Each structure stands twice: as C-alpha cells, then as structure tokens.
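Please look through the structure below, with its sequence beside it.

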Amino acid sequence: MTQKIVAVAIRHKGMIISIPAPARHGDVLEAMHRAFGDPGFVEEPINQGFLTDTGQYVERIPAVEIAVKAGQIEKPNWPPNLYSEDLW
C-alpha cells in the first residue's frame, strides 16, 4: 500500500503538532503560539514536515517522494522540498 500525505506537521521539542488539510504550516505555528505562548524557536528550531495516512512524520524532502508515488503531485513547485501549496 502506498502512503499518502494527509496533513502539515511541525516537530518541535519532542512533539509533533499537526492540523489536517487544507491547513498550512503557518496555521500550525499560529495554533502553537496560542496554545503555548512563545514557543522558543530561537533556542530549539522547528522542523516543518508532513504526516502520512499511516501517521508517520516525514520532512519536506522525503515527503516529495511519497507525494509523487501516491500520485498527489507530478513534481514539487519548489524542489527539492514539498510545500502544502503543492498539495492543496
């Protein structure tokens, strides 16, 4: 079974925070700020990626291969990274 990208996600301080499509990474950052206040990105940077339909977190570059194999995109608009704008 081929995995599919289903949501944007951010990995930060050992947590993975995600909002379903058609949310963008900025939506997740805004929700994090509302929930946690200043998230402290300077001390520990965020890592932007995606969740697959199996619940796996993947970073932007590996997400391209998954989205292409799943037929979600032909190629990314801003290689080598996948952006939510490529998908929805």
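Helices (H or I, at least four residues) and strands (E, at least two) are DSSP runs, numbered from the N terminus. The model is a predicted one, in which local features need pLDDT of at least 70 and side-chain atom pairs count only at pLDDT 80 or more, while totals for chains, interfaces and linings use all residues. Residues are numbered from 1 along each chain as its sequence is written, and side-chain values use heavy atoms, with hydrogens and water left out.

Begin with strand β1 (residues 5-12) and strand β2 (residues 15-20), which run antiparallel and are joined by six bridges. Two strands count as paired if DSSP finds at least two bridges between them. K13 has a positive phi of about 50° although it is not a glycine. Most residues other than glycine have a negative phi, and most peptide bonds are trans. Is K13 buried or exposed, or partly exposed? K13 counts as partly exposed because its relative accessibility is 45%; buried means under 20% relative accessible area, exposed over 50%, and partly exposed in between (1.4 Å probe, protein chains only).

Two peptide bonds are cis. The bond from A21 to P22 is cis, with omega near 15°, and P22 is found in the loop between β2 and α1 (25-36). The bond from P79 to P80 is also cis, with omega near 5°; P80 lies in the loop between α2 (60-69) and α3 (84-87).

Helix α1 has twelve residues and reaches 16 Å from its first C-alpha to its last, close to the 16 Å expected at 1.5 Å a residue. The expected span of a helix is 1.5 Å times one less than its number of residues. Which residues of α1 are buried? They are H25, V28, A31 and M32. Seen down the axis of α1, these buried residues fall within an arc of 120°, so they line one face of the helix; the arc is that of the directions from the helix axis to the C-beta atoms. The buried residues of α1 pack against β1, β2, β3 (47-52) and α2, where contact means heavy atoms within 4.5 Å. Just after α1, G37 takes a positive phi of about 75°.

Now turn to Y57, which is found in strand β4 (residues 57-59). Y57 is buried, with a relative accessible area of 11%. Leaving aside neighbours within four places in sequence, the residues in contact with Y57 include A9, I10, R11, N47 and F50. The side chain of Y57 makes a polar contact with the side chain of N47 (2.4 Å). A polar contact is a pair of N or O atoms within 3.5 Å; within protein, one must be able to donate a hydrogen and the other to accept it, and residues adjacent in sequence count only if both atoms are side-chain atoms. The backbone nitrogen of G49 lies 3.2 Å from a polar atom of the side chain of Y57.

The last stop is the core. A nonpolar core is a set of buried Ala, Val, Leu, Ile, Met, Phe, Trp, Tyr and Cys residues joined through side-chain atoms within 4.5 Å. Of the 16 residues in the largest nonpolar core, I5, F50, L82 and L87 touch the most other members. β1, α1 and α2 each supply at least two residues of this core, and α2 gives the most, with four residues. Not counting residues up to four places away in sequence, L82 touches I5, F50, R60, A63, V64, A67, I73 and L87.
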